[in-house]
Amino acid sequence: MERIKRKLMISLIIVLIVIASYLMLVFSNITFISKWRTIYIETAMTTMTHQWLATAFIPRKVINKVLENRTVQDDEIAYLVEKWGNVRVFKPEEVVNVADNNSTEKIDTEQDKLLSLFHEINTESFTEYIAHNNVNLDSGYEKLVIDESKAKSSGPSIKTIQGDNVLVLDAVNGILIVEVEGEGFRGRLALVKDAGKVKLASAGQLGNTGDRLRQIMKSNKAILGINASGFKDTNWKGNGGTVVGMYIKDGKMLEKPYEHKAWVMIGFDYDNNLRIGSYKDTSIFRDAVQFTPPLVLNGERVVKGTAGYGLQPRTSIGQTRKGEVMLLTIDGRQPGWSVGATMEQCIDVMLRYEALQAAALDGGSSTTMIYNNEVINRPAGSEEGRRIPNAFIVMPTSISIDGE
C-alpha cells in the first residue's frame with residue numbers, strides 16, 4: 001500500500017512539474033522565455049502546414065498577441081516605405097568606394113583585372129590558392145572558373161575580405177558565390193556583376209502548375225537561379241502555379257499588385273536598377289515581383305529582429321552600391337545544419353556586402369539556389385525545393401536577356 005501511495009505521489013509531482021513548466025513557458029514574461037516563445041509562435045504561424053505546432057499547445061489569445069505585434073511591424077514598414085518614397089536609383093557616378101585590399105593596386109595584369117572585378121576577394125588567399133591547386137589558366141584569367149559549390153563542400157581556401165569561403169568564382173559569367181554563416185544558420189550569397197543578366201522566368205504552366213527551379217532554369221538556359229514570388233496554396237496542395245502579388249515579366253503585367261500596406265514592389269527597371277518600394281507607375285519595371293518585408297532601403301535597415309516572421313529558410317534579393325545584384329538563400333528547418341534565419345540576420349549578411357537595397361522573397365520550402373545545373377543549398381523538405389511559379393535567373397554571358 002505504501003509503495004502504491006509513493007508511486008501516486010511521484011506521479012502527482014511529475015504532473016505538477018509538467019503543468020508548472022507549461023504555464024511558465026506559455027505565460028511567463030521573463031525576457032528569455034518570452035523572446036523564444038514569440039519566435040516559436042512566429043515560426044509556426046508563418047508556415048502553411050505546421051501552424052498546429054503552435055495552435056495545438058498554445059492558447060489562441062497568446063498566439064493572437066504575437067500576431068498583433070506583427071501588425072505593428074507592418075505599420076512601421078508601411079511608414080518607412082512612404083517615408084523613403086521612390087527608392088533611390090543606383091547611379092554609377094554616385095558609387096561609394098568599397099574599402100578592400102585591392103582598391104589601391106595598379107590594374108596592369110590579368111589577375112589585377114580579375115581582382116578588380118571581384119573586389120570582394122582577399123588577394124592573399126586567392127594568390128595562395130592559385131599557387132597550391134591545379135587551376136587551368138591556359139585560357140587566361142578572364143576564362144577562369146572555380147566551382148566548389150556542392151552543398152556538402154567546405155569550399156576552397158579562397159576567402160572574401162569579409163572572411164567568408166568562396167564557393168564559386170566564375171569570371172566568364174561574372175558570378176561570385178560565397179558561403180555565409182551566422183548564429184544557427186548557413187547560406188549561399190551570389191554576387192552577379194552584370195545586373196543586366198538578371199531576369200524573371202516563369203513556370204511552363206503558370207497559373208496552373210508550378211515547376212521546380214531546375215526546370216525553369218533549363219527552359220531558359222540559365223546559369224544561376226533562385227526562387228522568387230510567393231504563391232497560392234489551395235488546400236495546401238502546394239503546386240506553386242499561381243503567383244501572389246504583382247508579377248511583371250519583360251515589361252508585361254502578368255499579375256496585378258496585391259493591396260497590402262507592407263508589401264513592396266521588387267524589381268529591375270530598364271537601366272537595371274533594383275527598385276524597392278510602392279510605385280504608381282509600374283511601367284518603369286522590366287521584371288518585378290511583390291513581397292514583404294523590405295530589408296534595406298538606401299543602405300539603411302528597415303526591420304529589426306524577427307519582424308514577426310520567426311526563424312525560417314530565407315530567400316532575398318539586393319543590389320550593392322556598385323550595382324551588383326545579390327541573391328541570398330539561407331537554409332532552415334534542419335537542426336545540426338541550419339535552423340533558419342531572422343529577417344535581421346538576412347540584413348546583416350546583405351549589409352556586410354554593401355547592399356544599397358534589399359528585400360525578402362518567398363522563403364520556407366521554396367528556398368533554393370541552383371548554379372550550373374546543381375542545387376548548391378539544402379532546401380527544406382526536398383532536395384530540389386518546391387514547385388514555384390517563377391524565379392530570378394541569371395543568363396550566361398553567351399546568351400543575352402533577349403536570347404541572342
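V15 has a relative accessibility of 43% in this predicted model, so this residue counts as partly exposed. V15 belongs to helix α1, which spans residues 2-27. Together with M9, L12, I13, L16, I17 and I19, V15 makes a nonpolar surface patch of about 640 Å².

At its start, a side-chain oxygen of N122 comes to within 3.2 Å of the backbone nitrogen of E124. The buried residues of α6 are T123, S125, F126, Y129 and I130. These residues lie on the same side of α6, because the arc they cover around the axis is only 165 degrees. Their packing partners are α5 (110-117), β1 (145-147) and β2 (165-170). E124, A131 and H132, by contrast, are exposed and sit on the face of α6 turned away from its buried side.

The loop between β14 and β15 (300-301) contains N298, a residue other than glycine whose phi is positive, near 55 degrees. N298 has a relative accessible area of 19% and is therefore buried, the cut-off being under 20%.

A positive phi, of about 65 degrees, is also found at E354, which is not a glycine. E354 is placed in the loop between α8 (343-352) and β18 (355-361). With 28% relative accessibility, E354 counts as partly exposed.

Notes. Residues numbered from 1 in each chain as written. Predicted model: local features only at pLDDT ≥ 70, side-chain atom pairs only at ≥ 80, totals over all residues. Heavy atoms only, no water. Patch = residues over 30% accessible without salt bridge, like charges linked within 9 Å, V, L, I, M, F, W, Y side chains within 5 Å. Areas by Shrake-Rupley, 256 points an atom, 1.4 Å probe, with all protein chains shown as cover. Salt bridge = Lys/Arg side-chain N within 4 Å of Asp/Glu carboxyl O. Helix = DSSP H or I, 4+ residues; strand = E, 2+ residues; numbered from the N terminus. Buried < 20%, exposed > 50% of the residue type's maximum accessible area, 1.4 Å probe, protein only. Arc of directions from axis to C-beta. Contact = heavy atoms within 4.5 Å. Polar contact = N/O pair within 3.5 Å; in protein donor to acceptor, adjacent residues only side chain to side chain.
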